[in-house]
Amino acid sequence: MADRPADIQYTKTHEWIRIEGDIATIGVTDFAVEHLGDLVFVDLPDAGADLEAGESAAEIESVKAVGEIYAPIGGEVTESNEDLSSDQSNLASDPFGAGWLFKVKISGDPVEGLMDLATYEAQLESEAS
Amino acid sequence: MSIRKTPLHAAHAAAGARFVDFHGWEMPVQYEGILAETRRVRAHGGLFDLCHMGRLVITGPDREALVERVFSGNFSKLRHGRAKYGFLLNEDGYPIDDVLVYRDHEVVHIVINATGREADTAWVKEQCRAGGFDATVENVSDAQAMIALQGRASEHVLQPVCSADLSALRYYGFANALVCGHEALLARTGYTGEDGFELFFEEAHAMEVWNALAESGAALDVAPIGLGSRDLLRLEAGMPLYGQELNLEIDPLEAGLAFGVDLTKDDTLGVPALRARKEAGVKRTAISLAQDGGRVPRTGCPVLQDGVRVGIVTSGGVSPTVERNIARALVDASCATEPGAAFDIEIRGKPHPMAAVAHPFYKRAR
């Protein structure tokens with residue numbers, strides 16, 4: 001299991017968000033990656049795309065299913081992690097680092113219910129039981 | 001309705017399986033991962049819990065006449081000790097289920113899908129009553145366990161715990177023998193495209209037999225396999241899944257499964273209707289598609305040719321064996337379908353190219 005960072009925020013739908021100045025970096029948690037199983041394809045938003053908070057922004061496809069990634073915050077996409085389009089292994093091995101998905105220049109408020117690490121892990125516990 | 005569990009559920013949980021609700025059954029979808037499990041079966045072998053599948057036993061003086069009435073295949077020419085694939089057809093020639101029929105001397109066994117346990121039983125009983133056959137139709141799905149052992153190592157895994165000489169058992173043959181000292185029917189059949197066996201025996205011995213096979217298999221890299229890999233293995237081998245390739249609106253001729261129908265039979269339900277449709281010209285045809293990488297084709301994706309919608313994907317996936325994305329699709333018979341013919345499948349409104357390829361995707365070397 002990847003070590004989950006304490007300095008980022010988490011969503012109910014298993015995205016994470018790191019805010020540095022007016023730029024937010026967005027990814028998915030190790031739990032989401034593990035749940036999807038063998039990954040085969042990642043579809044990321046293009047730079048320049050305008051995202052609204054809560055909107056479907058990306059898809060991670062595994063052998064078994066397609067996982068939707070929702071933007072935890074609105075803004076203009078500044079960069080996508082293009083390395084993932086040809087090789088998804090970083091997403092499985094380092095979901096909080098090299099497996100980041102995309103960055104946005106923040107405009108507006110984040111979705112409601114962002115959680116700190118302790119709250120997110122408590123949610124995982126309750127989902128597992 | 002509460003979810004059902006097979007007698008092997010605890011073994012799957014102990015082995016770290018991830019479970020899924022499969023038509024009301026909590027079944028293992030994967031253990032080590034769908035791709036790894038698929039590779040394991042192709043290279044060595046795998047063990048499958050199929051207790052959720054349905055099993056009918058037909059006895060009585062008219063049992064074979066009843067089977068002739070409800071089973072689409074050429075049953076009368078089937079030798080005792082052999083199994084045959086075919087369909088239970090309704091009057092209109094559409095399949096209620098696809099089945100394997102095993103002809104024994106005093107009894108006929110029919111293996112049906114999990115989804116058909118109640119409906120198929122009711123259907124065959126109704127035909128028995130309506131036709132006035134002196135036969136007894138018994139649903140033994142709960143009383144019997146079913147385990148499959150598939151892959152090139154199968155014979156070596158099973159032989160140490162089995163009383164029969166397995167080398168004498170041919171593909172699609174079956175025998176009554178002892179497994180772990182318990183009476184069992186063992187058939188050289190399967191749903192993976194590999195050599196292997198399907199075992200039927202009293203439900204109470206399920207865990208004992210499973211553990212014995214798991215132990216015997218471990219030394220030969222044979223391990224339990226989940227339903228995710230089972231679906232991929234059968235798709236690679238070109239085998240249909242009832243509900244996807246076949247249903248009450250897709251008949252066996254369209255699905256490319258005419259080998260399961262004896263069109264010369266007059267007294268079998270649904271066969272005259274199929275014969276009439278064949279004479280009129282079958283309007284749709286099943287094809288195989290493949291593509292290197294990209295989005296994964298899934299059941300229900302529209303299929304286009306030259307920008308025009310011509311059909312749907314019935315099953316799709318990522319094949320670790322041929323290392324391509326693969327799909328079965330049902331398209332208009334007027335389409336160009338020769339190998340290399342260009343199609344697109346539509347995913348979220350965007351076309352993704354795939355090409356027609358020879359069927360099946362995978363065939364084992366014999």
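This is a predicted model: local features need pLDDT of at least 70, side-chain atom pairs count only at pLDDT 80 or more; totals for chains, interfaces and linings use all residues.
Two strands count as paired here if DSSP finds at least two bridges between them. Strands (E, at least two residues) and helices (H or I, at least four) are DSSP runs, numbered from the N terminus.

Residues are numbered from 1 along each chain as its sequence is written, while chains are lettered from A and ligands numbered from 1 in the order in which they are written.

In β8(B), B:Glu138 is the residue opposite B:Val57. The strands concerned, β4(B) and β8 (residues 136-139), are antiparallel and joined by four bridges. Strand β4 (residues 54-59) of chain B also pairs with β7 (residues 108-112) of chain B, again in the antiparallel sense, over five bridges. There, B:Leu56 faces B:Ile110 of β7(B). As background, strands of a sheet pair through backbone hydrogen bonds, either parallel or antiparallel.

**The barrel**

Six strands of chain B form a closed barrel with antiparallel pairing, in the order β14-β17-β16-β15-β18-β19. Direction ignored, neighbouring strands of this sheet are turned by 45 degrees against each other on average; axes are lines fitted to C-alpha atoms, for helices over the stretch in contact, and angles run from 0 to 180 degrees between N-to-C directions.

B:Pro302 has B:Ile312 of β16(B) opposite. Helix α7 (residues 227-236) of chain B lies across β16 and β17 (324-332), at about 120 degrees to β16(B). Contact means that the C-beta atoms of two residues, placed from the backbone, lie within 7 Å.

**Backbone details worth a look**

| Residue | Phi | Loop in chain B |
|---|---|---|
| B:Arg348 | about 55 degrees | between β18 (342-347) and β19 |

How exposed are they? A residue is buried if 20 or more other C-beta atoms, placed from the backbone, lie within 10 Å of its own, exposed if 12 or fewer, and partly exposed in between. B:His23 counts as partly exposed because it has 13 C-beta neighbours inside 10 Å. B:Arg348 has 11 such neighbours, so it counts as exposed.

Finally, the peptide bond between B:His359 and B:Pro360 is cis, with omega about -5 degrees. B:Pro360 sits in the segment after β19 (350-357) of chain B.
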